[in-house]
Amino acid sequence: MNINVIGTGYVGLVSGAGLADFGNHVVCSDINKDKINLLKNGKIPFYEPGLTEFVKRNVEAGRLSFSNEVGESIKDADVIFIAVWTPMSDNGEANLSAIENVAETIGRNLNEYKVVCTKSTVPVGTGEKIRKVIEKNKNSKINFDVISNPEFLREGSSVKDFLIPNRVIIGVESEKAKEIMKNVYRPLFINETPIVFTDVKTAETIKYASNAFLAVKISYINEIANLCDATGADVHVVSKAMGLDNRIGSKFLHPGPGYGGSCFPKDTNALVKLGKNKGVDLTIVKAAIKTNSKQREKVYNKLKKLFNNNVKGKTIAILGLAFKSNTDDVRQSSAIYFIEKLLDEGASLKAFDPAANENMKKLFLKVNYCDSLEEAVTDADGIVVLTEWHEIRGMDLEKVSKLVKTKILLDAKNLLNPHELKRLGFTFKNVGRPNVR
Ligand code: UGA
């Protein structure tokens, strides 16, 4: 099939390369000329493991190309994927202006029947809005279908998530479009990946319901971790044992400083707002949002306690800036909260992240960004661990204990062995593991 993916963010680019890998001919288009020029030169505008080689392989096979001519790419395509961003507005709602612009462009360039497919995370009912905008802007009686195919890609492992998905959701209301989508995802049909065909509104709901559920799960385990802190139980064992129950599942039960990133905070708020607009009170999702914002504060206060509530004049090493490992993305990262608070309270900061130093530099200049973990911890009065990079998890604690000025450490992600920390003489805290001290 000839496919046009509009939007070359991580969703658009990974999906474009993935669809090309499935044997389709894909043009990824974007109005941002700088991005397209980078891509044409074989460069990826952000860090995503394996993506450079994945894109290269498909470009070299002649199945993947890039273009600034969005209108022309639309004309040549059988299926158009919309993968532009839907950021959070001030009132919590998803901002759909980029989607509306794209729908208008599609309408103006509709030269024959096409399937228009939404990949971006959009509120229930957006498919219908897109249909109306295209209808208004198209200048002939040409037919089209608007369908929904939400993405479930995790940053840091999106290439694998695209090629080996748990499931594919396709909201489609015409047989013709359904057959076309079966062709688009042919290799996944052949290997019997679960593919759920449903209507557009249900597909849109599945995406929000899934992300919000995972956010609820994280907030739940964070509350249990706080309870463990108060009772002396070990959340690590609680979470492991809970996960052994197939009905619960072991994933997304890792406590920490709260979830971040460009999806969970935005999508939970958008879902609550959608519910409110429809007269449905989503109390559980609202509670998860509240717990999440309190969690950062709680974990930050643990750090302060380690310094007798006074961090003024202290040099603190922050290990991990990205909102999670294997990405350079710092959007809604707990490190932002920690940096803001610590600078405000008069601490000096050194920081190390294997990929996200540059992005954090754009937000905070008053931090000494280091090229290595060792450099960051040298002469520090304390360490805070915020991201689960392997390099941080596997740090040589013996060596670190000799480099720091004072052996004080907050492990906000429960990555380090508490017994080893104790043996090396660290004064430390983690999240919900009090009895191992
Ligand atoms: C999330 C979903 O996992 C994807 O399925 C979805 O496609 C994507 O949003 C999206 O809507 O585009 P992502 O934001 O990349 O993916 O990252 P996750 O791995 O889900 O992590 C989100 C946050 O939750 C991170 O801050 C992570 O540290 C935190 N988290 C995750 C926990 O605190 N505990 C856990 O057990 C798991």
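**Pocket lining and a helix crossing**

Colleague: Which element gives the most to the lining of the second largest pocket?

Modeller: This is a predicted model: local features need pLDDT of at least 70, side-chain atom pairs 80 or more, while totals for chains, interfaces and linings use all residues. Numbering runs from 1 along each chain, and side-chain values use heavy atoms, without hydrogens or water. With four residues, the top contributor is α5.

Colleague: What volume does the second largest pocket have?

Modeller: A pocket is an open set of 1 Å grid points where a 1.4 Å probe fits, with protein on both sides within 12 Å along at least five of seven lines. Probe spheres set on the points fill the volume, here about 1,300 Å³.

Colleague: Which residues lie closest to the centre of the second largest pocket?

Modeller: Lining residues have an atom within 4 Å of a point. The lining divides into 19 nonpolar, 17 polar (Gly among them) and 13 charged. Of the 49, the closest to the centre are Gly-9, Lys-35, Val-84, Trp-85 and Arg-331.

Colleague: Are α10 and α13 parallel or oblique?

Modeller: Their axes, fitted to C-alpha atoms, come within 9 Å and cross at roughly 45 degrees. Parallel needs under 35, antiparallel over 145, perpendicular 65 to 115. α10 and α13 are therefore oblique.

Definitions and conventions:
Helix = DSSP H or I, 4+ residues; strand = E, 2+ residues; numbered from the N terminus. Axes fitted to C-alpha atoms, helices over the stretch in contact; angles between N-to-C directions.
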